[in-house]
Amino acid sequence: MKLRRLGKSGVSVSPVCFGTMLFGNPTTEKEATNLIHQAIDQGVYFIDTASSYEGYNRDVGSPGGVAEDYLGKILKGKRDKVVLLTKIANALGPGPHQKGGSRIHLQTELENCLRRLQTDCVDILMLHWPDLETPFEESLRTLDLFVKQGKIRYFGVSNFLAWEMCELLWLSDRFALEKMIAYEPPYSLLRREIEISELAFCRKFGIGITPYQVLNGGWLSGKYQRGQTPAGSRLAENPGWMKVLPESIWEKIEIVNQLATDLGVTLAEYSIAWSLRHAEVSSVILGIRNSAQLESSIKGSQIQIPQEHLDKIDKLFPLAMDLRWSAGPPQIRDWQ
């Protein structure tokens with residue numbers, strides 16, 4: 001695969017990023033090991049995880065750590081072959097310092113991450129959610145300290161808004177601190193909100209975008225048909241992680257599926273290619289469950305969608321449309 005630069009940083013990443021949110025349940029350690037090794041062998045060496053990831057067992061406030069534990073074992077002897085990204089700040093318990101961007105939580109949880117990942121340094125550390133109860137300066141100074149200590153190489157943010165990223169960059173300039181290089185938002189055909197402001201912000205300030213949920217929880221994977229729930233799908237395994245699609249959206253998805261068929265690709269591959277069409281998008285995070293999905297993800301990252309298709313999609317899913325009904329993470333403040 002052709003590598004992409006992560007914003008204006010010196011980091012190069014594969015256009016497909018292996019997401020580990022489902023490690024633990026339903027993805028077992030053995031399955032995760034085989035998949036990660038296959039991915040690395042095929043050039044997918046960008047890996048995304050978080051302190052809170054433990055698959056379907058994840059609830060707000062549960063301790064997490066499962067995905068990082070798996071990766072610590074899986075990457076033995078291969079750590080230098082990957083760009084490893086982890087996220088902290090998500091709630092890991094009921095205590096006031098078990099979540100958020102305070103120095104207490106960030107320092108404590110980074111040490112836990114390093115222990116679980118069995119490494120002395122992560123390549124990219126992200127604040128998983130914005131914490132409006134802690135001054136951004138406190139969080140930023142702590143991240144800057146981590147870089148100086150050699151415990152992280154770069155940092156970024158996930159699920160922030162443009163004005164929140166703007167404040168972080170302003171503080172970095174004001175106090176001569178390290179600057180964020182990456183931004184991880186939800187983004188898909190069905191969820192285009194970042195095109196209103198965040199995408200342009202990242203373009204202007206050279207921040208690489210690494211979106212998640214580009215298949216919208218599976219609705220754009222091609223496995224679902226209107227009124228059907230296939231065995232082994234996320235909806236069948238854990239209905240609470242999905243939201244029912246309105247009929248009007250199904251009609252639009254079926255039109256996109258036909259566009260994909262016209263190009264000789266699957267809906268999933270088409271949706272991945274669509275999400276990568278902007279130069280600001282460095283890599284897309286995909287929760288790969290098997291070898292076939294790995295192959296399909298790589299293929300999707302290499303497809304070019306013609307302009308006439310993009311124009312049709314803009315008419316189907318205009319930015320003015322309210323798409324927040326779609327499957328996605330909790331609203332930005334829900335983690336608290």
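1. Helix α9 (residues 267-275) is mostly covered, with 9 of its 9 residues buried, where buried means under 20% relative accessible area, exposed over 50% and partly exposed in between, with a 1.4 Å probe and protein chains only. The buried residues of α9 include L267, Y270, I272 and W274, and also E269. Among the elements that cover them are α8 (247-263), β10 (284-286), α10 (291-300) and α11 (307-316).

2. This is a predicted model, in which local features need pLDDT of at least 70 and side-chain atom pairs count only at pLDDT 80 or more, while totals for chains, interfaces and linings use all residues. Residues are numbered from 1 along each chain as its sequence is written, and side-chain values use heavy atoms, with hydrogens and water left out.

3. The protein holds 11 helices and 10 strands, which are DSSP runs (helices H or I, at least four residues; strands E, at least two) numbered from the N terminus. Of the 336 residues, 57% count as buried.

4. Among contacts (heavy atoms within 4.5 Å) between residues at least 6 apart in sequence, 79% join residues at least 24 apart.

5. L132 is found in the loop between β6 (122-127) and α4 (136-149), and is partly exposed, with a relative accessible area of 44%.
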